[in-house]
Amino acid sequence: MFKVFRKPERLRIYLKQIMSEIDSIGLNSVGIVAIVSVFMGAVLTIQMAINFVNPLIPKYLIGLSVRDTMILEFSSTVICLILAGRVGSNIASEIGTMRITEQIDALEMMGVNSAGYLIFPKIIAAVITFPLINLLSIFLGIIGGYALTFVTGIVAMPDYLYGLHYYFIPFYVTYSVIKMVVFAVIISSVSAYHGYYTSGGALEVGRSSTRAVVYSIILVLFFDLVLTQLLLT
Amino acid sequence: MITVKNISKSFRGKQVLFDISAEFEPGKVNQIIGKSGSGKTVFLKSIVGLHGINSGEVWYGNREYSRAGFREKRAIRQEMGLVFQGGALFTSLTVEENVMLPLNMFSEMSRAEKIERVNFCLQRVNIVNANHQYPAEISGGMQKRVAIARAIVMNPKYLFCDEPNSGLDPQTSIVIDNLIRELTVEYNITTVVNTHDMNSIMEIGDQIIFIFEGKNWWQGNKSEIFNSTNQELNDFVFASKLYKKIKDVQI
């Protein structure tokens, strides 16, 4: 891990790598995140509408519940579990394949700090893109719920919109973004670690990839608990 | 000059190299030969520092490499070029980007100068009009030659080749062998080639070290091989009927 954060040999090359990783880790994940977020928002709206049957509970709380659930948990933790699968396995298998085909040894032989060159840009790219993906997911989840109310009329649209505005706590967004930054470091570094220390052949690359996803998910859930306890209580 | 003094290496308690000493001279093709599993790749990777050694010393000129710190090791590595058995080209980079990577990392050249140097190295290994192709789009022989171009792009003092002919047809093997020899003589490089290719041994082996069961079993040049009475060396070199006949004719 110490080698990852050594001074880069050539900053310009690292910046180029970071841009390339932002594309690979961030932009390429936007599609799946968008689909999942829209459907999560829509499904949440239906579930809230079904459960809020007591006439004493105002209907606008459906919009509020969808908003807060998306912000507090779904757009950070659930999206990160999906990203652990998509990005984590990608990072582990990419670096693992480079290891078994001696590309990492080739970098070392050139005098390049292979850990820094391969892992550092991925961590930075994840830290930059994950919070943006988080904000996008929150927005699309709320839009998903809004679209559902528009199509099905399960909740009156003015109620839903009022709920979205009602009792908004900006710190919840900050909390969500903080979680996303921590999860970005966990997913990228754990996956890169498992890829970097792959040995053997193609089978081991697959195993490293699986281990990377499993460990990332466990750590994401653990730190979700820790951060929630620290930041919200 | 590379000097290896009494190096030993073991993996999880299993000793692979036993107290090996050797000297590799500049301007000569120094070959490490031996059966598969004899420890020659471990020996080569121990010399270049990809495997840590349990005991012994490796010297590059008057600099001790085996106990060097991170910065010193990196400086020595920039004087080395290593051609891996599988080429180890970066699959996501084009041929030109592969060869240019060390220049991008460590040289102060302008982009035009870098391209000129890359083209010079590619032409030196007889690769033309393939700059923008990816490794997967070129043949195995071309990949090996690109790997050699990448290894020489920084004007190395030391060139290491791990089985450069493996998986190649005899004609391409000869091309690669001749290229290694030409580069060695032309730039007075200390070249160390790991091989079990008999043609290569007979063609370009100036100084040969035979590794048997992790030990430096025999040392000499290609003409001395024919007169050697070393049983294990003879069993390895003259395993085929053709080479037995050649030995008889030579004697």
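Mentor: Helices are DSSP runs of H or I with at least four residues, strands are runs of E with at least two, and both are numbered from the N terminus. Please keep in mind throughout that this model is predicted.

Trainee: In which helix of chain A is Pro158(A) found?

Mentor: The helix that holds Pro158(A) covers residues 157–165 of chain A. In the numbering of helices from the N terminus, this run carries the name H6.

Trainee: What distance separates the C-alpha atoms of Pro158(A) and Lys59(A)?

Mentor: Along the chain, Pro158(A) and Lys59(A) are 99 residues apart.

Trainee: Turning to chain B, in what order do the four strands of the open sheet lie?

Mentor: The pairing in this open sheet of chain B is antiparallel. Strand E2 (14–24) and strand E5 (63–64) each pair on one side only, and are therefore its edge strands. Read across the sheet, the order is E2-E1-E4-E5.

Trainee: How many bridges are there between E1(B) and E2(B)?

Mentor: One place to look is Lys9(B), which stands opposite Leu17(B) in E2(B). The two strands also form a hairpin with two residues between them, in which Arg12(B) takes a positive phi near 45°. Over the antiparallel pairing of E1(B) with E2(B), the number of bridges is seven.

Trainee: Which residue of E4(B) is the bridge partner of Ile2(B)?

Mentor: Strand E1 (residues 2–11) and strand E4 (residues 55–60) of chain B run antiparallel and are joined by five bridges. Among the pairs, Ser8(B) has Ser55(B) as its partner, while Val4(B) has Val58(B). For Ile2(B), the bridge partner in E4(B) is Tyr60(B).

Trainee: Which residue in the turn between E4(B) and E5(B) has a positive phi?

Mentor: E4(B) and E5(B) run antiparallel and are joined by two bridges, with Tyr60(B) standing opposite Arg63(B) in E5(B). The hairpin they form has two residues between the strands, and the one with a positive phi of about 65° is Gly61(B).

Trainee: How many charged residues does the contact of H3(B) with H4(B) have?

Mentor: The helices meet in a right-handed crossing. H3(B) brings Glu96(B), Val99(B), Met100(B) and Leu103(B) to the contact, and H4(B) brings Lys114(B), Arg117(B), Val118(B), Cys121(B) and Leu122(B). By class, six of these residues are nonpolar and none is polar, while the number of charged ones is three.

Trainee: Finally, which element gives the most to the side of chain B that touches chain A?

Mentor: The contact between the chains takes 16 residues from chain B and 13 from chain A. On the side of chain B, the elements giving two or more residues are helix H2 (70–77), strand E6 (80–83) and helix H3 (95–106). That side divides into eleven nonpolar, three polar and two charged residues. With five residues, the element that gives the most is H3(B).

Terms used: Residues are numbered from 1 along each chain as its sequence is written. Chains are lettered from A and ligands numbered from 1 in the order in which they are written. This is a predicted model: local features need pLDDT of at least 70, side-chain atom pairs count only at pLDDT 80 or more; totals for chains, interfaces and linings use all residues. Two residues are in contact if their C-beta atoms, placed from the backbone, lie within 7 Å. Ala, Val, Leu, Ile, Met, Phe, Trp, Tyr, Cys and Pro count as nonpolar, Asp, Glu, Lys and Arg as charged, and the others, Gly among them, as polar. A crossing is left-handed if the near helix is turned anticlockwise from the far one by less than a right angle, and right-handed if clockwise.
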